[in-house]
Amino acid sequence: MNTEVTAQTTTDWVDTFNESMMRTMGQPLALLTHGRGAFVWDENEKEYLDFLAGIAVNSLGHAHPVVIEAVTRQISTLAHVSNYFSTKPQLELAERLKRITGAGAEGRVYFCNSGAEANEAAFKLARLNSSATRTKIVSLKNSFHGRTMGALALTGKSEMQAPFLPMPAGVMHIDSTVEALESTINDTVAALFLEPIKGEAGVIDLPEGYLARARELTEEHGVLLILDEIQTGVGRTGRWFGYQHAGISPDAVTLAKGMAGGIPIGALVTFGRASELFQRGMHGSTFGGNPLATATANAVLDEIETAGLVGNAERKGHLLSERIAALNSPLIDEIRGKGLLIGLGLTEPIALKLAAAALDAGLIINAANESSIRMAPPLIIRDLEVDVFITRFSAALTAVGYPPNPLVVE
Ligand SMILES: *Cc1c(COP(=O)(O)O)cnc(C)c1O
């Protein structure tokens with residue numbers, strides 16, 4: 001029996017939310033109070049298996065001792081210093097990111113506080129590669145790059161842009177096909193922005209060979225290849241970064257979400273000649289790269305490395321895909337994504353209903369759109385969490401009228 005939760009009833013917090021929060025998001029699904037590992041609890045002590053992890057943010061799950069220790073140690077020492085000073089955690093993280101991205105000695109790192117800010121920096125980098133004849137920035141239809149004006153201009157969703165026109169100029173959105181790429185990339189393009197897997201769109205993979213062809217064409221035409229790894233990065237897909245599946249290197253990569261296990265951070269990492277574009281005074285952020293965020297990111301990345309969580313993401317991703325396929329539910333049409341970024345394509349447009357049924361059954365999954373479920377569990381999940389997932393997801397499938405049918409052998 002929990003004695004802390006009597007003060008606010010469910011209706012109280014819903015009313016407060018509706019009266020006081022800006023109307024930018026829909027009604028919250030629950031009021032969460034605490035978490036541990038891959039589980040979170042709400043104000044009524046109901047337990048949920050968290051297979052969204054704050055949208056690919058809580059890489060180590062909730063209340064991980066490594067995160068607690070790093071935050072506690074750093075905030076007791078030095079939390080913030082401004083960009084007139086540097087700190088050891090900041091420099092250590094810059095070097096670490098150069099190593100794991102493969103940017104190496106020629107790489108450079110810019111720190112900020114979120115994904116949108118990382119893409120804003122990348123947008124400015126693209127402008128620095130522009131000229132009188134090289135003016136275009138290319139990104140994909142149905143892509144997502146964030147909500148600030150530059151990031152929104154990159155985002156390939158006109159309905160998101162519509163209330164805020166005009167957008168910063170020069171961005172065009174193309175279909176996610178090799179043919180569209182080949183007919184668009186030429187010497188008039190300054191940069192090509194891509195998500196290795198379109199997360200927000202419902203975990204949509206790029207066509208086979210797409211990234212390799214994008215690398216060839218951008219190299220040939222002096223176009224910056226800028227990869228948005230904000231959702232796919234830091235181990236989520238079973239490699240440190242999504243582009244490593246394709247064996248290519250970009251000119252720049254943007255990072256955020258999972259990098260510091262829940263502490264806000266973002267980064268732009270440049271490779272080769274792209275590292276020479278920004279000059280002193282051209283960009284900056286008050287909070288960006290502060291010792292609290294960078295020390296936490298170092299601890300999280302260290303744990304991902306030493307605990308072998310990139311490999312765990314790959315293995316658990318395979319296991320989950322196999323076990324979901326074995327449910328043989330007539331609702332599941334397609335299993336997409338890599339590692340622990342998993343999308344389910346549904347045969348009926350009832351993703352919201354399925355996610356709500358899952359929540360009832362104690363499972364957090366995300367309806368990315370009406371016919372896609374997105375899952376991004378913490379990288380720490382074990383076989384136990386996979387078992388709990390299958391039990392609760394099966395209950396949700398049954399509740400929406402598409403029960404698993406595991407006896408049928410395919
Ligand atoms: C979440 C996300 C962003 C935006 O990040 P914020 O931290 O919400 O600003 C940008 N690009 C991709 C691919 C994302 O998944």
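This is a predicted model: local features need pLDDT of at least 70, side-chain atom pairs count only at pLDDT 80 or more; totals for chains, interfaces and linings use all residues.

Visitor: Ligand, then. Which residues are around it?

Guide: The residues around the ligand are Ser114, Gly115, Ala116, Asn119, Phe144, His145, Gly146, Glu195, Asp228, Ile230, Gln231 and Lys257.

Visitor: How many of the shell are nonpolar, polar and charged?

Guide: Three are nonpolar, six are polar and three are charged.

Visitor: Which helix gives the largest share of the shell?

Guide: Helix α5, residues 115-128, with three residues.

Visitor: And polar atoms: what does Lys257 do there?

Guide: A polar side-chain atom of Lys257 is 2.6 Å from an oxygen atom of the ligand. The backbone takes part too: a polar backbone atom of Ala116 is 2.7 Å from a ligand oxygen, and a polar backbone atom of Phe144 is 3.4 Å from a ligand nitrogen.

Visitor: How much of the ligand does the protein bury?

Guide: The ligand taken alone exposes 380 Å², and the protein buries 81% of that.

Visitor: Switching to the sheet. What is the strand order?

Guide: The order is β1-β2-β3-β15, an open sheet of four strands with mixed pairing. Its edge strands are β1 (32-36) and β15 (363-364), each of which pairs on one side only.

Visitor: Parallel or antiparallel for β1 and β2?

Guide: β1 and β2 run antiparallel, joined by four bridges. Arg36 has Phe39 in β2 as its bridge partner. The two strands form a hairpin with two residues between them, and Gly37 in the turn has a positive phi of about 60°.

Visitor: What about β2 and β3, how many bridges there?

Guide: Three bridges join β2 (residues 39-42) to β3 (residues 47-50), and these strands also run antiparallel. Phe39 has Leu49 as its bridge partner in β3, while Trp41 stands opposite Glu47.

Visitor: And the turn between them, which residue has a positive phi?

Guide: Glu45, at about 65°. That hairpin has four residues between its strands.

Visitor: Where do the β2 side chains go, and are they buried or exposed?

Guide: Phe39 and Trp41 point one way, Val40 and Asp42 the other way, and all are buried.

Visitor: New topic, α13. How does its span agree with its number of residues?

Guide: Helix α13 covers residues 383-399, 17 residues, and at 1.5 Å a residue it should span 24 Å. The end C-alpha atoms are 24 Å apart, so the two values agree.

Visitor: Which of its residues are buried?

Guide: In α13 the buried residues are Glu385, Val386, Val388, Phe389, Ile390, Arg392, Phe393, Ser394, Ala396 and Leu397.

Visitor: What comes just after α13?

Guide: Gly401, which takes a positive phi of about 90°.

Visitor: Last one. Where is Val178?

Guide: Val178 is in helix α8, residues 178-184.

Visitor: Why does Val178 count as buried?

Guide: Because its relative accessibility is 18%, and buried means under 20%.

Visitor: How far is Val178 from Arg213?

Guide: Val178 and Arg213 are 35 residues apart in sequence, and their C-alpha atoms are 7.4 Å apart in space.

Methods:
Residues are numbered from 1 along each chain as its sequence is written. Side-chain values use heavy atoms; hydrogens and water are left out. A residue is near a molecule or strand if one of its heavy atoms lies within 4 Å of it. A polar contact is a pair of N or O atoms within 3.5 Å; within protein, one must be able to donate a hydrogen and the other to accept it, and residues adjacent in sequence count only if both atoms are side-chain atoms. Accessible areas come from the Shrake-Rupley method with a 1.4 Å probe; for residues, only the protein chains shown count as cover. Ala, Val, Leu, Ile, Met, Phe, Trp, Tyr, Cys and Pro count as nonpolar, Asp, Glu, Lys and Arg as charged, and the others, Gly among them, as polar. The expected span of a helix is 1.5 Å times one less than its number of residues. Buried means under 20% relative accessible area, exposed over 50%, partly exposed in between (1.4 Å probe, protein chains only). Two strands pair if DSSP finds at least two bridges between them.
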